[in-house]
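User: I would like to go through a structure with you. Could you take my questions one at a time?

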Amino acid sequence: MAETVAVILAAGQGKRMHSRLPKVLHRVAGRSLLEHVLAATREAGIEDNIIVIGHGAGEVKAALGTEQKYAFQEQQLGTGHALAQAREAAGEAATILVLCGDTPLIRPATLTGLLQQHRDTGAAVTILSARIADPTGYGRIIRDGQGRVKGIVEERDATPAEKAINEINTGIYCFAAAFLWPALTRLKPDNDQGEYYLTDAVALAVSQGLRVETLVAGDAEEVLGVNDRAQLAAAGAVWRRRINAAHMQSGVTIIDPETTYIDVTVTIGRDTIIYPGTFLEGNTIIGAGCCLGPGTTIRDSQVGDGSTIIHAVVLESTIGPGCQIGPFAYLRPGTILEACVKVGDFVEIKATRVGRGSKVPHLTYLGDATVGREVNIGAGTITCNYDGRQKWPTIIEDGAFIGSNTNLVAPVRVGAGALIGAGSTITEDVPAGSLALAREKQVNLPSRGKKGEEKRQEKR
Ligand code: UD1
Ligand code: CA
């Protein structure tokens, strides 16, 4: 067991969210609130993390995985009671860093600073506080005439004078284990909510003559607690600003950072330009010198250097370098485009590989297909890959030319260099180099017939 463990309180329901989902699983910038907190403690060098779960425990476990260490709070009786549930899992650790699962903006450096101050002063408790313009909803730090901390009072238990205090409790603290564990057994639920408040442990330390320290967070933004959807949006906005600033710092042009939504998990090469209304999500890797957007969503995909993607949706796909996608293209999972492929307007591609230099310029569906190099797919080409029961493959070899409005009824293979006449419905393999025509022969009748001519006259 490490000297320091972090305990993240995440058992509450989050009533103010009015949600079926446990609060800490709501997401901003590509991670759940809880994952943001965990990432911060990990980056601060804390490897031993205990997550206290309760409400929606199954869902939280499913979302975060079984490799995490959990403690279980059966009934949500308050933050003090929640922390007590981690007693056993924390073992003999001497320092307990406590965080709430709903403060997703906390920075690793702030946690490191808090731990440092706690160790340097040998305090029983070191509280991370913050001075904020609107302290509504937070616990207030109560100090005596000399500025020494006396305790923390929750908003709902505060007098009007206490409510006017703008130094708030961030819900993040360091405790000396030797003080903490016995103190938790002495908490009383004598407050407006009838809960065991962890915050009451501070007054206990004071009454025992122990040292209580505070670190005032330099950046009040960092300590925002997410209790409702408005705060969720606010936290998302802060993350977005941070992420976009970091990308711009490292050489990415973002035309309008206010309307560009990039998950924390995304990497982007330099000199890429991102236009407004673009969402880069999940495990996405963007190369250098790309042009993305406007109005583009790319999720869990790789994009090679120098590719352009306009007004498109790209999901779980791999796009090679020098490709041109959109406007209005939909690349669904399993799409692989090799280098210099063009995918134009109103094209949908799924589970398909398209070879180097091939073109799918307009109005096409390719599903479960393998397309070779330098292939041209005419407008309106459709792979008929589904027979109502199962999906079948289509293979189009190098240099083939598919005429406009072709139906390729799978399973089917079009050989290298073959040509398919426009409007064909191809049900059988086309040998390499041959011309396939599969359409009704045109018939031109000598007269349009009297009836038709009369009708035409009437219309006039
Ligand atoms: C808490 C603090 C408040 C502080 C604020 C900072 C207390 C009593 N109050 O208030 O001083 O200003 O955080 O954001 O601690 N939880 C459990 N089990 C429970 C109750 C809560 O695990 O029985 C967890 C929640 O899931 C949440 C965290 O503890 O992640 C904080 O609970 P919440 O109800 O949001 O407390 P606040 O009212 O915000
Ligand atoms: Ca909270």
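Analyst: Glu3 counts as partly exposed, since its relative accessibility is 40%. Please note that the model is predicted.

User: Which side chain does Glu3 meet in a salt bridge?

Analyst: Its partner is Arg119, at 3.8 Å from N to O. Glu3 lies in the segment before strand 1 and Arg119 in helix 5, so the pair ties together parts that are 116 residues apart in sequence. Arg119 is also partly exposed, at 43% relative accessibility.

User: How many salt bridges does the structure hold?

Analyst: There are 18. One of them joins Lys350 and Asp368 at 3.0 Å, N to O. Lys350 belongs to strand 27, while Asp368 sits in the loop between strand 29 and strand 30, 18 residues apart.

User: Is Lys350 buried or exposed?

Analyst: Lys350 is buried, because its relative accessible area of 11% falls under the 20% limit.

User: Which residues do salt bridges with shared partners join into one network?

Analyst: That network consists of Arg107, Asp219 and Glu222.

User: Changing topic: what is the volume of the largest pocket?

Analyst: Its volume is about 1100 Å³. The lining has 38 residues, and those closest to the centre are Arg16, Lys23, Thr79, Asp102 and Asn227.

User: Which element gives the largest share of that lining?

Analyst: Strand 10 does, with 4 residues. By type, the lining divides into 11 nonpolar, 19 polar and 8 charged residues.

User: And which residues make the nonpolar surface patch of about 380 Å²?

Analyst: Phe401, Leu419, Leu435 and Leu437 make that patch. Leu437 counts as exposed, at 53% relative accessibility, and lies in the loop between strand 39 and helix 10.

Notes
Residues are numbered from 1 along each chain as its sequence is written. Chains are lettered from A and ligands numbered from 1 in the order in which they are written. This is a predicted model: local features need pLDDT of at least 70, side-chain atom pairs count only at pLDDT 80 or more; totals for chains, interfaces and linings use all residues. Side-chain values use heavy atoms; hydrogens and water are left out. On a 1 Å grid over the protein atoms alone, a cavity is a set of points where a 1.4 Å probe fits but cannot get out, and a pocket is an open set with protein on both sides within 12 Å along at least five of seven lines; lining residues have an atom within 4 Å of a point. Grid points are joined across faces, edges and corners, and a volume is the space filled by probe spheres set on the points. Helices (H or I, at least four residues) and strands (E, at least two) are DSSP runs, numbered from the N terminus. Ala, Val, Leu, Ile, Met, Phe, Trp, Tyr, Cys and Pro count as nonpolar, Asp, Glu, Lys and Arg as charged, and the others, Gly among them, as polar. Patches are made of residues with over 30% relative accessible area and no salt bridge: like charges are joined within 9 Å, nonpolar side chains (Val, Leu, Ile, Met, Phe, Trp, Tyr) within 5 Å. Accessible areas come from the Shrake-Rupley method with a 1.4 Å probe; for residues, only the protein chains shown count as cover. A salt bridge is a side-chain nitrogen of Lys or Arg within 4 Å of a carboxyl oxygen of Asp or Glu. Buried means under 20% relative accessible area, exposed over 50%, partly exposed in between (1.4 Å probe, protein chains only).
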